[in-house]
Each structure stands twice: as C-alpha cells, then as structure tokens.
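Here are my notes on this entry. Please read them alongside the coordinates.

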Amino acid sequence: MSTAAPIVIVGASLAGLRAAQALRKADPAREVVVIGQEEHLPYTRPPLSKQLLAGEQEAEHVALPGGDLDVTWRLGVRATGLDRRAHEVVLEEGPPQPYDRVILATGCRARPWTGPGAELSGVHVLRDLPHALALRDELRAGARLVVLGAGFVGCEVAATARRAGLEVTLVDLAAHPMLPLGPAIGSRMADLHEGEGVALRLGVGVEALHGDGRVNEVELADGSRLPADVVLVALGAQPNVEWLEESGLTLDGGVVCDATLTSVDDPDVLAAGDLCSWPHPLAQGDRIRVEHWTNAVEQGTLAGANAPLDPVERAAHVAVPTFWSDQYERKVQAVGLPGLADAVEVVREGDGKLVAAARRDGRLIGAVAFNDVRGLMAYRKALAAGEDVPPPGAADDAEPAPLANGAR
Amino acid sequence: MKVHVDMNLCQSHGECVFAAPDVFDLGEDDVLTWKEEVGEDQRAAVEEAVQVCPMAAIRIEG
Ligand SMILES: Cc1cc2nc3c(=O)[nH]c(=O)nc-3n(C[C@H](O)[C@H](O)[C@H](O)COP(=O)(O)OP(=O)(O)OC[C@H]3O[C@@H](n4cnc5c(N)ncnc54)[C@H](O)[C@@H]3O)c2cc1C
Ligand code: SF4
C-alpha cells in the first residue's frame with residue numbers, strides 16, 4: 001500500500017479521539033481520518049448515568065475537548081467491513097476509505113433485552129447521548145423505575161433516579177450488586193442502595209416485560225410482578241465487532257491483539273478501548289478486555305503513538321486498569337483486576353471510607369476503595385511496580401508511606 | 001508554564017496525581033492541591049494529566 005493513504009481511526013469516541021490526538025502530536029503533517037457512526041463529535045459517557053441524567057449537565061457539557069483537532073472527521077458514517085487486502089474500510093454508503101494503518105475503536109453498545117416485551121415503549125438502554133436524553137425525559141418524581149441489571153451503570157442510574165424522587169427497584173440474577181467486585185464490596189453496595197430506599201430483588205432473573213404498547217409490569221422468574229412506569233435494561237455491554245466478522249481478524253468477543261495493541265493477524269491493524277483484547281501482566285499474560293474510561297484514554301493514546309511505527313518499535317500497554325463509579329455520596333474506585341480475584345478483603349473501614357485488597361492465589365492483583373483516593377493510591381503504585389502491599393495483620397509500620405503520609 | 005484546575009469540575013479522581021505526582025496531590029479529605037507554576041521538565045507529565053482527567057478540569061497555560 002502506498003504511504004500516501006491516511007491513518008484511519010474507526011470509532012469517534014474516547015479511544016478514537018485520544019488516538020487522533022496522539023497521531024497529530026507525533027506527526028503534524030500526517031493525514032488522519034476518523035470515521036464515527038454517531039452524529040456527534042466525541043463526548044464523554046460517564047455523566048450520562050450521573051450529572052447529565054440528573055439534569056445538572058446538558059449535552060454541550062459532555063463534549064470532549066479536542067473536537068477542533070485538525071483531522072478529517074467523517075461523522076454519521078458507519079463502517080461495515082475491513083478489506084485488509086485492499087487496505088480499505090468498507091462504508092455503509094459511498095466509496096471505501098483507503099488506509100495505510102487503521103486503528104479499530106468501535107467500543108461497545110448496550111446489551112439489549114431480547115425476551116418478551118422488548119418492543120414496548122418505556123423500555124430503555126443507556127450507552128449513547130440520545131439514550132440518556134430519552135431516559136431523562138421519563139425520570140419524573142414518583143414514577144416507578146425498574147432497573148434490570150445491578151452492574152455499575154444500573155447502580156448509578158438507580159442512585160440518580162432515587163435522588164430525583166423515583167421509586168426504584170434494582171433486579172439482578174447475581175446475589176449482590178457490582179458482581180465483579182466480589183461479595184464483600186457487593187454486600188456493602190446493597191446496603192447503600194437499601195439505605196437510600198431502593199428495593200433490591202437479587203438472585204432472581206427476569207422472565208418478561210408486560211404492557212399494552214407501553215411497559216407497565218416486569219415479571220420475574222419466581223413469578224412475582226413489579227409494577228413499572230419505566231424500565232432500564234442495564235445488562236452490560238457487548239463489543240461492536242460484528243462489522244469485522246469477514247475481515248479474517250481473530251475475534252474473541254473483542255479484537256485479539258498483542259501487548260502493543262497490534263492485531264495478532266495484521267501489523268497494519270491496531271485496536272484500542274472497550275473492544276481491545278490484549279494480554280495483561282496482572283492476568284499473567286491472559287488476554288483481558290477492560291470497559292472503562294481510563295483504559296480507553298491510555299490505549300487510544302498508545303495505539304495512536306504506535307500506529308505509525310514499525311511493529312518492532314511499538315511499545316507495550318502495561319498500565320494498571322483503574323475505574324470509578326459515583327453513587328449517591330459514595331465514590332467507588334478500583335485499580336488492577338479485582339474481577340479476577342479469588343479473595344477481596346477489607347483492609348480498613350470507617351467514616352464512610354473503605355479500602356479492600358484483591359488477591360488471586362495470594363498475589364495482589366487489585367484494590368477497591370470507597371471515598372478514599374489516597375488509600376487506593378498506595379495499591380495503585382504497588383501494582384504498577386509489580387509489588388505487594390502487606391496484607392492486614394502485618395505490622396502497621398510495614399504499611400507503605402503513602403497510606404499514612406500522602407499529603408505534602 | 002502555569003497549571004489551572006477548575007475546582008468546580010474536579011471530582012478528586014486522583015488520575016492527575018498518578019500521572020504527575022510532583023505537581024498534583026490529594027490532601028486531607030481528598031481535596032486536590034497542585035503547584036500553579038511548574039518547570040518545563042513537568043510538561044509531559046502535566047499534559048498526560050490533562051488527558052486522563054475524567055472531568056477535563058485541568059488546563060495548561062504557556
Ligand atoms: C452510561 C455510562 C457510564 C459510564 N461511566 C463510567 C465511569 O463512571 N467510569 C468508567 O471508568 N467508565 C465508565 N463508562 C465506560 C466508558 O465510557 C467506556 O469505557 C468508554 O466510553 C470506552 O471508549 P471507547 O472509545 O473504547 O468506546 P465507545 O465509547 O463505546 O465508542 C465507540 C464508538 O464507535 C462507534 N461505532 C461503533 N461501531 C461503529 C461502526 N461500525 N462504524 C463507525 N463507528 C462505529 C460508536 O457509535 C461509538 O461512538 C461508562 C459508560 C456508560 C455507557
Ligand atoms: S484527575 Fe481531574 S478530577 Fe481527578 S483529581 Fe485530578 S483534576 Fe480533579
């Protein structure tokens with residue numbers, strides 16, 4: 001392929017924007033094309049379940065800085081295929097877009113409810129800005145909201161809706177909310193929501209949604225029926241990889257990459273963000289996919305820096321994943337891969353704060369905190385350095401300095 | 001160069017502290033403190049902090 005072709009990024013959201021910024025920084029003259037199916041310039045999603053949903057922010061507040069970047073934005077354009085032999089991104093409409101190198105950043109979408117009643121109005125998902133605006137229109141004080149799925153998006157919406165005066169029921173097949181963080185954290189999250197007046201229906205699945213044009217009832221697997229004015233389906237996210245099915249790239253739920261975020265099949269193809277599956281040292285080289293904001297930033301930036309380079313010169317992505325979730329006055333933060341832990345042990349608790357260490361086979365692989373960024377920082381640094389923080393029970397003075405002495 | 005943080009936006013995520021520990025810090029009750037005037041040697045670290053701040057609260061001047 002001639003090097004005259006641009007570097008193309010598919011997916012104009014967080015990872016795509018960071019990749020474009022990194023490419024621009026590395027080479028101010030290189031032609032960069034960003035293709036995105038949404039009509040909007042890149043915006044940030046976390047407020048969609050929090051400040052924007054609560055009415056504290058409007059659409060203009062969620063725009064990500066960088067939309068004025070000097071690259072070619074092709075918005076409202078959907079990619080339908082990747083022809084690697086021709087070095088072209090196939091588009092839904094119009095001629096294909098040639099590329100020299102391509103960065104795949106098409107992220108995830110909300111997993112829909114596919115059972116009975118899926119077609120009823122009043123049934124929402126939450127991923128994109130228009131979803132958030134549509135859901136917000138229906139969050140009226142006194143209305144009954146049933147949230148299917150107590151993952152982080154479901155829990156955040158439950159909290160936002162509760163604060164807006166709705167009657168909220170949170171349903172999940174799992175025994176506690178935020179399953180990947182383990183039962184110690186999950187039971188405390190359950191207590192938080194119950195204390196705020198959310199009705200929890202845990203350990204039970206959903207059978208059907210009922211209504212007459214508009215949803216009015218959620219039927220659970222145990223036969224009970226919950227009256228509902230609005231339903232949010234928050235059953236997690238699925239990677240947008242279907243458009244790549246005929247590309248010949250290895251897909252395992254995400255785009256399978258090596259440590260440098262380069263496709264294992266093609267050095268001219270890189271991936272970043274929610275859809276990227278890559279081997280992580282904390283998972284002992286197993287491939288993981290991380291659906292969180294900071295990961296999209298870090299991977300987008302690295303993929304953008306790596307793309308113009310020869311494969312042998314590309315740097316590996318080793319950053320420790322981190323994530324946060326704000327619910328009521330509680331800021332839940334996690335570092336590492338607590339979802340892979342076999343034990344999550346509370347190290348400190350009190351005053352609304354908590355720090356817990358996540359271990360697998362005794363090895364530190366993550367940590368979780370409530371309202372304690374400084375407490376978490378020691379673990380984050382230890383994980384980045386491949387070290388451990390002594391488990392509770394070890395002498396107090398063995399605690400690393402930042403825990404006791406974080407302030408300057 | 002000067003570093004500005006919009007404290008109306010800042011949610012004390014601490015991402016900036018991790019990216020640029022010599023410039024940003026979290027004090028008592030996780031309130032952010034930072035150096036307003038920093039040397040060129042910190043530019044790369046502060047630029048990274050700008051990129052990773054989830055609230056887009058950090059601005060560099062100069
Ligand atoms: C409501 C909500 C709240 C969240 N809150 C938090 C939080 O508090 N903390 C946290 O760490 N993370 C949070 N996240 C997760 C975070 O937003 C994601 O990890 C991040 O958006 C991933 O960025 P991305 O660029 O990889 O993918 P995405 O943001 O999913 O972007 C992918 C883009 O590609 C586009 N696209 C898809 N297919 C095609 C195609 N065929 N052609 C062209 N374009 C295509 C999509 O339309 C989309 O614009 C939240 C997510 C949601 C939905
Ligand atoms: S990263 Fe942003 S929001 Fe977080 S503490 Fe720093 S300035 Fe505040």
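This is a predicted model: local features need pLDDT of at least 70, side-chain atom pairs count only at pLDDT 80 or more; totals for chains, interfaces and linings use all residues.

1. Residues are numbered from 1 along each chain as written, chains are lettered from A and ligands numbered from 1 in the order written, and side-chain values use heavy atoms, without hydrogens and water.

2. Three helices of chain A, α1 (14–26), α3 (152–163) and α5 (293–306), each supply at least two shell residues. The largest share, three residues, is from α3(A). Helices are DSSP runs (H or I, at least four residues), and strands are too (E, at least two), numbered from the N terminus.

3. The shell residues divide into 14 nonpolar, 10 polar and eight charged. Here Ala, Val, Leu, Ile, Met, Phe, Trp, Tyr, Cys and Pro count as nonpolar, Asp, Glu, Lys and Arg as charged, and the others, Gly among them, as polar.

4. Backbone atoms also face the ligand. A polar backbone atom of Trp293(A) is 3.1 Å from an oxygen atom of ligand 1. For His292(A), the distance from a polar backbone atom to a ligand 1 oxygen is 3.3 Å. A nitrogen atom of ligand 1 lies 3.0 Å from a backbone N or O atom of Trp324(A). The protein buries 98% of the 1,000 Å² that ligand 1 exposes when taken alone. Accessible areas come from the Shrake-Rupley method with a 1.4 Å probe.

5. Ser224(A) sits in the loop between β14 (214–220) and β15 (225–227) of chain A.

How values were computed: A polar contact is a pair of N or O atoms within 3.5 Å; within protein, one must be able to donate a hydrogen and the other to accept it, and residues adjacent in sequence count only if both atoms are side-chain atoms.
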